[in-house]
Amino acid sequence: MACCAISGSIQAQYNSKVILLPFNFQCLNNSDSFCVMLWWPLQQALNVTGNGQAYRWDMKKLISWIKENLLQERPELFVQGDSVRPGILVLINESDWELLGELEYHLEENDCILFISTLHGG
Amino acid sequence: MPVTCTNDCNRRAKLKRPKTAEKLCLECFYQAFEDEIHRTIVNNKLFQPGESVAVGASGGKDSTVLAYVLKLLNERHNYGINLVLLSVDEGITGYRDDSLETVKRNQQQYQLPLKIVSYEELYGWTMDAIVQKIGMKNNCTFCGVFRRQALDRGAMLVKADKIVTGHNADDVAETVLMNVLRGDIARLRRCTAIMTGTEGALPRCKPFKYTYEKEIVMYAYFKKLDYFSTECVYSPNAYRGYARAYLKDLESIRPSSIVDIIHSGERMSIKKEVKMPEQGTCSKCGYISSQSICKACVMLESLNRGLPKLAIGKTHKAKVVTICSNAFQRIIYRFKIFHELERDEIKFV
Ligand SMILES: [Zn+2]
Ligand SMILES: [Zn+2]
């Protein structure tokens, strides 16, 4: 199952009903709670689209799905066009998504997707 | 399919460096990141042996990585400097409390001394109290002016010779843009300097001047450094936010934009006939100031008198001369819309 976390400012803006995430990475790495939070809605969405098949989603689809389903308020803080807003770093299984085809990357089972906002907080 | 590291180390690449487009494994990335900062420090002679250096520590990603890397480089390359963490407590409930906790953990993790100076002890006002008095508008100006002095005073208290801050390449480029747009020549000249304040006040330097934000965040993430990330609860600076978003758009098209803008800022020259504000000292508190009474003292007095409006009157702007190359004209055009926003903000020269 794919899991995602949105870190930093994003979840602060989108408040707890979307994704509850501890604010710093220390907690983030020690805690599974953030995975669970998104795991649920994501699994539901995947089930709707058909067992297993849904793993063929690419990042573009995932981002638009997050936008449609998780981000009720101010989606412009997360998405811009088809992609994430510039300044948000994306890690796929702990690797920079710029090495993996960015939007064209196809999700695999057990992938872990992490969004890190860099836009503030020096 | 896995990508291998550009350095032929046979390890798997984990990230793409924005500045060079190299695809590096973690080991090679750490090495490149640290070496680059070391070179910046050495080439600009930022530190002398025996100096005491205060790290402006906010608990955020930049200052946390800065404290970590400086400690590491100091040991690796024998700079012979003494590092001290220096934090300012603005007195913002819920925001500063948490970030100060982070700084306190950093103190333990890095085994560095920590000094916290608060607005309350320095000025008799917390930011919470100031906001209660003046409302949400303009409070960032108060906070910014006070913080600058607070760092200096804190550094003097711990007898530091120098202050280092975590300003990164993105921050510097953003400030260049904003100063061009505002025609603020005095600041434009200062903002690209890697070291400032050598003529009187405590010198400040920015070892991350050429370090990309993306790399700082990646470094913090992969090294699992403990930092705090949230927005100040009082209004974020809208104008700066637009400048940052614009810069990030540019970076996504061409990653070198950030250093390009810094270099543009460095190369701008100012005609001799442009009168620059002269630096003197404040007659009230002795802090370095271009006016006879420094901004903080003016603001403080108006706060104490209950007349905060006095402090934010318009000041004159130095005229922009000769710095509008074509590129910047395009940027200015692009930014015209943001000038509308700027009206609500306060400009100081
Ligand atoms: Zn390597
Ligand atoms: Zn003063």
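**View 1. Helix 9 of chain B sits inside the structure.** Because 10 of the 10 residues of helix 9 (residues 213-222) of chain B are buried, the rest of the structure largely encloses this helix. Buried means under 20% relative accessible area, exposed over 50%, and partly exposed in between (1.4 Å probe, protein chains only). Helices (H or I, at least four residues) and strands (E, at least two) are DSSP runs, numbered from the N terminus. After the helix comes B:Lys224, with a positive phi near 55 degrees.

The model is predicted: local features need pLDDT of at least 70, side-chain atom pairs count only at pLDDT 80 or more, and totals for chains, interfaces and linings use all residues. Residues are numbered from 1 along each chain as its sequence is written, chains are lettered from A and ligands numbered from 1 in the order in which they are written, and side-chain values use heavy atoms, with hydrogens and water left out.

**View 2. Four cysteines hold the zinc ion (ligand 2).** The donors are the SG atoms of B:Cys282, B:Cys285, B:Cys294 and B:Cys297, 2.2 to 2.3 Å from the ion. Donors are N, O and S atoms within 2.8 Å of the metal (3.2 Å for Na, K and Ca); water is not among the atoms, so sites may look incomplete. The angles run from 106 to 114 degrees, so the arrangement is tetrahedral. Along the sequence the spacing reads C-x2-C-x8-C-x2-C. B:Cys282 lies in the loop between strand 9 (280-281) and strand 10 (288-289) of chain B, while B:Cys297 belongs to helix 12 (residues 295-305), 15 residues apart. Both B:Cys282 and B:Cys297 are buried.

**View 3. The zinc ion (ligand 1) also has four cysteine donors.** B:Cys5, B:Cys9, B:Cys25 and B:Cys28 coordinate the ion through SG at 2.2 to 2.3 Å. Here the angles span 98 to 121 degrees, which makes the arrangement tetrahedral. The donor spacing is C-x3-C-x15-C-x2-C. B:Cys5 is buried at 3% relative accessibility. B:Cys9 is partly exposed at 24%.

**View 4. B:Asp62 and B:Gly166 belong to an annotated binding site.** An unreviewed UniProt entry applies "binding site" to a set of residues, among them B:Asp62, B:Gly166 and B:Asp171. UniProt positions are given in the numbering used here, feature names are shortened, and annotations may be inferred rather than shown by experiment. B:Asp62 is in helix 2 (residues 61-77) of chain B and is buried, at 3%. B:Gly166 is in the loop between strand 6 (162-164) and helix 7 (169-182) of chain B; its relative accessible area is 12%, also buried. Not counting residues up to four places away in sequence, B:Gly166 touches B:Asp62, B:Leu66, B:Asp171 and B:Phe208. Contact means heavy atoms within 4.5 Å.

**View 5. Strand 4 of chain A is covered on both faces.** Five of five residues in this strand (residues 88-92) are buried. Strand 6 (residues 112-117) of chain A pairs with strand 4 in the antiparallel sense over five bridges. Strands pair if DSSP finds at least two bridges between them. A:Ile92 stands opposite A:Ile113.

Definitions and conventions:
Tetrahedral: all angles 85-135°; square planar, octahedral: opposite > 155°, others 65-115°.
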